[in-house]
Amino acid sequence: MATSTVSHDFEAKELFHLATTKYRDGRFESAAKKFTDLIQLFPQTSYVPHAHFNAGLSYSRLEQWENALTHFQYAERTLTDKSDARDARYQQAACFEALK
């Protein structure tokens, strides 16, 4: 069981870094897909809250405001750092403004 957990954490980490690289390269659609894949494939890992936040950023760059909002809302509820949660709230406000 522990080996499986370590393997999942490693795979989640690799997928998170791949998605982050795609985001940095301006490949927002691909980044959003990779972050979403991570969320679906490794829901119990510690990468999920930040994957939601980063998926939200990716969808924001694509102007897919409803998708972005959904991810930011989940991120706000699950991020343990208050500063990160505050950033998620700020991003939600930006989405609401864009949806007006």
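Predicted model: local features only at pLDDT ≥ 70, side-chain atom pairs only at ≥ 80, totals over all residues.
Q44 is exposed, with a relative accessible area of 75%; here exposed means over 50% relative accessible area, buried means under 20%, and partly exposed lies in between (1.4 Å probe, protein chains only). The place of Q44 is the loop between α2 and α3. From Q44 to L99 the C-alpha to C-alpha distance is 31 Å, and 55 residues separate the two in sequence.

Residues are numbered from 1 along each chain as its sequence is written, and side-chain values use heavy atoms, with hydrogens and water left out.

Next comes the chain as a whole. Its secondary structure comes to 5 helices and 0 strands, where helices (H or I, at least four residues) and strands (E, at least two) are DSSP runs numbered from the N terminus. Read from the N terminus on, the elements run α-α-α-α-α. The radius of gyration of the chain is 13 Å, close to the 13 Å that the globule rule gives for 100 residues, so the chain is as compact as a globular protein of that length. For this comparison the radius is taken over C-alpha atoms, and the rule is 2.2 Å times the number of residues to the power 0.38. The C-alpha trace spans about 50 × 30 × 20 Å along its principal axes. Of the 100 residues, 38% count as buried. Among contacts (heavy atoms within 4.5 Å) between residues at least 6 apart in sequence, 46% join residues at least 24 apart.

The structure holds 4 aromatic pairs. Rings of Phe, Tyr and Trp (its six-membered ring) pair if their centres lie within 6.5 Å; planes under 30 degrees apart count as stacked, over 60 as edge-to-face and the rest as tilted. One of the pairs joins F16 and F35 edge-to-face, at 5.6 Å centre to centre and with 70° between the planes. F16 lies in helix α1 (residues 2-24) and F35 in helix α2 (residues 28-41), so this pair ties together parts that are 19 residues apart in sequence. Both F16 and F35 are buried. Another edge-to-face pair is formed by F53 and F72, with 5.4 Å centre to centre and 65° between the planes. Because F53 lies in helix α3 and F72 in helix α4 (residues 65-78), the pair ties together parts that are 19 residues apart in sequence. F53 and F72 are buried too. Ring pairs also link F16, F35 and Y47 into a cluster.

N54 is buried, with a relative accessible area of 17%. Leaving aside neighbours within four places in sequence, N54 is in contact with F16, T20 and F35.

The last stop is E63, found in the loop between α3 and α4. E63 counts as exposed at 58% relative accessibility. Phi of E63 is near 60°, a positive value in a residue other than glycine. Most residues other than glycine have a negative phi.
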